[in-house]
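This briefing goes through one protein chain, topic by topic. Keep the sequence and the 3D view open while reading.

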Amino acid sequence: MSNKAPVKLDDEQLAELREIFRSFDRNDDGSLTQLELGALLRSLGLKPSPDQLETLIQKADKNDNGLVEFSEFVSLVAPELLPAKSPYSGGTIETAI
Ligand SMILES: [Ca+2]
Ligand SMILES: [Ca+2]
C-alpha cells in the first residue's frame with residue numbers, strides 16, 4: 001500500500017457524491033449493495049463486470065459488512081475524482097465566458 005494521506009475532496013464534490021449516493025441507495029438505508037453500486041458506477045460511465053464489482057466492494061468495505069457506506073464510497077471514488085481537479089487551480093479566475 002502506498003497510501004500516504006487520506007484523499008480530501010472539497011465540500012462541493014462531497015455534496016455531489018452524497019447526492020449520487022442517495023439517488024442510487026434505492027432502499028434508503030445509507031449503504032449500497034453490489035447491485036446499487038453497480039448501477040451507480042454505470043451511471044458514471046464505468047462498466048464493471050460482476051467480478052470487478054465484487055473486488056471493488058471488498059476493497060471499499062472497510063468494516064466488512066458486505067455493503068458500501070457513504071464514507072466507504074467516498075474513499076473509493078475520491079482518487080478517481082481528484083485528478084480531474086487540480087489542487088493548484090486557486091488564483092486562476094475564470095473570465096473566459
Ligand atoms: Ca441501500
Ligand atoms: Ca461497509
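**Briefing on the chain**

Asp-28 is found in the loop that runs between H1 and strand S1 (31–32). The model described here is a predicted one. In this model the chain has four helices and two strands. Read from the N terminus, the elements follow the order α-β-α-α-β-α.

- The phi angle of Asp-28 is near 60°, which is a positive value in a residue other than glycine.
- Asp-28 counts as exposed because it has 7 C-beta neighbours inside 10 Å, and the cut-off for exposed is 12 or fewer.
- Asp-64 sits in the loop between H3 and strand S2 (68–69).
- Asp-64 is not a glycine either, and its phi is positive at about 60°.
- Asp-64 also has 7 C-beta neighbours inside 10 Å, so it counts as exposed.

**Burial and the nonpolar core**

- Of the 97 residues in the chain, 11% are buried.
- In soluble globular proteins, nonpolar side chains tend to be buried together.
- The largest nonpolar core has eight residues: Phe-21, Leu-32, Leu-37, Ile-57, Val-68, Phe-73, Val-74 and Val-77.
- Helix H4 (residues 70–81) contributes the most to this core, with three residues.
- Leaving out residues up to four places away in sequence, Phe-73 touches Leu-17, Phe-21, Leu-32, Ala-60 and Val-68.

**Helices H2 and H3**

- Helix H2 (residues 34–43) packs against helix H3 (residues 50–60) at an angle of about 105°, and their axes are 10 Å apart.
- H2 is therefore roughly perpendicular to H3, as angles of 65 to 115 degrees are placed in that class.
- On the H2 side, the residues that meet H3 are Gln-34, Leu-37 and Gly-38.
- On the H3 side, the residues are Leu-53, Glu-54 and Ile-57.
- Sorted by class, the contact of H2 with H3 has three nonpolar, two polar and one charged residues.
- Leu-37 and Ile-57 belong to this contact and are also listed in the largest nonpolar core.

- Counting contacts in the chain between residues at least 6 apart in sequence, 44% join residues at least 24 apart.
- Leu-9 is placed in the segment before H1.
- The C-alpha atoms of Leu-9 and Pro-79 are 9.3 Å from each other, although the two residues are 70 residues apart along the chain.
- With neighbours within four places in sequence left aside, Leu-9 is in contact with Leu-14, Val-74, Ala-78 and Leu-81.
- Leu-9 has 17 other C-beta atoms within 10 Å, so it is partly exposed; a buried residue would need 20 or more.
- Gln-13 belongs to helix H1.
- Gln-13 and Val-74 are separated by 61 residues in sequence, and their C-alpha atoms by 9.8 Å in space.
- Gln-13 counts as partly exposed because it has 17 C-beta neighbours inside 10 Å.
- Thr-33 lies in the loop that joins S1 to H2.
- From Thr-33 to Gly-66 there are 33 residues in sequence, and 7.4 Å in space from C-alpha to C-alpha.
- Thr-33 is partly exposed, since 17 other C-beta atoms lie within 10 Å.

**Ser-23 in helix H1**

- Ser-23 is part of helix H1 (residues 11–24).
- Is Ser-23 buried or exposed? Ser-23 counts as exposed, because it has 11 C-beta neighbours inside 10 Å.
- Ser-23 and Leu-40 are 17 residues apart in sequence, and their C-alpha atoms are 8.7 Å apart in space.

**From the UniProt record**

- An unreviewed UniProt entry lists "domain: EF-hand" for residues 12–47 and 48–83.
- In the model, the span of residues 12–47 is 64% helix and 6% strand.
- The end C-alpha atoms of residues 12–47 are 25 Å apart.

Notes. Residues are numbered from 1 along each chain as its sequence is written. Chains are lettered from A and ligands numbered from 1 in the order in which they are written. This is a predicted model: local features need pLDDT of at least 70, side-chain atom pairs count only at pLDDT 80 or more; totals for chains, interfaces and linings use all residues. Two residues are in contact if their C-beta atoms, placed from the backbone, lie within 7 Å. A nonpolar core is a set of buried Ala, Val, Leu, Ile, Met, Phe, Trp, Tyr and Cys residues joined through C-beta atoms within 7 Å. UniProt positions are given in the numbering used here, feature names are shortened, and annotations may be inferred rather than shown by experiment. Axes are lines fitted to C-alpha atoms, for helices over the stretch in contact, and angles run from 0 to 180 degrees between N-to-C directions. Angles under 35 degrees count as roughly parallel, over 145 as roughly antiparallel, 65 to 115 as roughly perpendicular and the rest as oblique. Ala, Val, Leu, Ile, Met, Phe, Trp, Tyr, Cys and Pro count as nonpolar, Asp, Glu, Lys and Arg as charged, and the others, Gly among them, as polar.
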